[in-house]
Amino acid sequence: MSLSRSPSPVPGGGWASPGLNINSGRSSPTRGYTGGTSSATPVMWESSRLKKAGGSGYPSFQTQGSGFLSKHMRKISSSLPRFNTSNSSPYAEKEKLGRGRWSAQNVPLLGRIRGLMGRMGRKMKIRLLLLFMLLFCIIIFYNTPLVYHWRRTSWLGGGQKFVIILAANIGGGVMEWKGAREWAIERDSVRNKKKYVARWGYDLEIVDMSTKKRYAHEWRESWEKVDFIRTALRKYPKAEWVWWLDLNTFIMEPSYSLQDHIFNNLHKHVYRDINEYNPLNITHPMTEEHLDPDSRSPVGDGNVNSVNLVLPQDCSGFNLGSFFVRRSPWTDRLLDIWWDPVAYEQKHMEWEHKEQDALEQLYTTQPWIRKHTGFLPQRMINSFPTGACNENGNDTRIHYDQKDRDFLVNMAGCEWGRDCWGEMYNFRELSYWLNRNPWELFKEEFVAVIWFKLTGQKVKL
């Protein structure tokens, strides 16, 4: 078949490549084609000419992937997973044999992360960095032991200003050895206080209130709290307030700090006129003419900063199962008078409640003590269970109320005819139930319920 008979794309016959012409005498194409003219213009392919002239090389209606949709389609396609096919796959591309296909399994984790970060924009990287820093700060400052230290500082939490003294019966109870229930009560009470101080940065002093002859001349069980308070004030020189707690107490709301719950607004919570609630029927204020105006005033000088003793009252009078004492010269004087051996020798047989009755006597007869004493509503720091002070039924001023989320429960007097361990256990479980975190709520209110409906078995997660 003659090449001259083939159709030619060049006007006048012949091929654009001179090497294909019969009379060219060459086995390879020449550099140019004259096209029947004397000029030596080099031959250029159509696509090359268009590119040199700045043309797109594509029809005018195509976008070359520069549009919004095409860009995002490329991003989507590049993020899709790619699958590795073995050499035996029937879908292998024969023209690309030997190249192999990219597999995500062969790329190390660091490479994947770098590839993912490379496809992210600058704004997205900044947002992820800020989110990471926020999560890091939350974990460091709220879920590690560092929370105890930064909440102790005066400019962040001020926890070092508070010391909790917990009266424990190490080794044996008062006048008797402890059984299994007594050990369980002490274990739960101590654990409860340790968790609380670890959360808010307070100091905890656990003291031994078991029956021992500590002093050469007398037995003073339960009176020892006066001596322990003086020791704590010396041991913790930065402490401003000392909070005394009996063993049969349980902090129901560990999320309440003492600062937010009481002391940041002490002037709103404390009352100094005992006539607001006066179960002892103490005459107040004193009216003797020789007294100064502050001593004859029902509210003293009216300045909350002069209150150095804060305590609640129950149905029978002062209650020292939970009370606060502030560091001050007045406090030193009170502790000395309160601990006076002479008063103890003369009155300890008459005072049924020992140091509590002694403080009531001092408040009744000494005007200088009234001026610096304040009272808190009992349920604010010393709620009772329904079994205590129940001669008149449930008293909203005294007894614990779950709806109001009272701060602390004191199982006062439970050793006289009530079940101390039963009350402690019930309030411990109630506190846990009221203070569940979101994950615990999800497990118990969703997963456990579904499991019960499927199997009919109750499970505690």
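Guide: Contact means heavy atoms within 4.5 Å of each other. Keep that in mind; this model is predicted.

Visitor: What do the buried residues of H7 pack against?

Guide: Strands E1, E2, E3 and E8. Helices H11 and H13 are packed against as well. The buried residues of H7 include Val-226, Phe-228, Ile-229 and Leu-233.

Visitor: Why is Phe-162 called buried?

Guide: Buried means under 20% relative accessible area. Phe-162 has 6%, so it is buried. Phe-162 lies in strand E1. Among the residues Phe-162 touches are Tyr-202, Trp-241, Leu-258 and Phe-263.

Visitor: What makes Arg-272 and Asp-301 a salt bridge?

Guide: The cut-off is 4 Å between a side-chain nitrogen of Lys or Arg and a carboxyl oxygen of Asp or Glu. Here the closest N and O atoms are 3.2 Å apart, within that cut-off, so the pair is a salt bridge. The two residues are 29 residues apart and link distant parts of the chain. Arg-272 sits in the loop between H9 and H10, Asp-301 in the loop between H10 and E5.

Visitor: Are these two partners buried or partly exposed, and why?

Guide: Arg-272 has a relative accessible area of 9%, so it is buried. Asp-301 has 40%, so it is partly exposed.

Visitor: Why does Glu-423 count as buried, and Glu-429 as partly exposed?

Guide: Glu-423 has 14% relative accessibility, so it is buried. Glu-429 has 24%, so it is partly exposed. Glu-429 also belongs to one network with Arg-187, Asp-188, Arg-191 and Arg-428, joined by salt bridges that share partners.

Visitor: How many salt bridges does a search of the whole structure find?

Guide: The search finds 19. One of them joins Glu-423 and Arg-418, with the closest N and O atoms 2.7 Å apart.

Visitor: What makes a residue part of the lining of the second largest pocket?

Guide: Lining residues have an atom within 4 Å of a pocket point. There are 24 of them. H6 supplies the largest share, 8 residues. The lining divides into 9 nonpolar, 6 polar and 9 charged residues. The pocket's volume is about 870 Å³.

Note on methods:
Residues are numbered from 1 along each chain as its sequence is written. This is a predicted model: local features need pLDDT of at least 70, side-chain atom pairs count only at pLDDT 80 or more; totals for chains, interfaces and linings use all residues. Side-chain values use heavy atoms; hydrogens and water are left out. On a 1 Å grid over the protein atoms alone, a cavity is a set of points where a 1.4 Å probe fits but cannot get out, and a pocket is an open set with protein on both sides within 12 Å along at least five of seven lines; lining residues have an atom within 4 Å of a point. Grid points are joined across faces, edges and corners, and a volume is the space filled by probe spheres set on the points. Helices (H or I, at least four residues) and strands (E, at least two) are DSSP runs, numbered from the N terminus. Ala, Val, Leu, Ile, Met, Phe, Trp, Tyr, Cys and Pro count as nonpolar, Asp, Glu, Lys and Arg as charged, and the others, Gly among them, as polar. Buried means under 20% relative accessible area, exposed over 50%, partly exposed in between (1.4 Å probe, protein chains only). Lists of a residue's contacts leave out its neighbours within four places in sequence.
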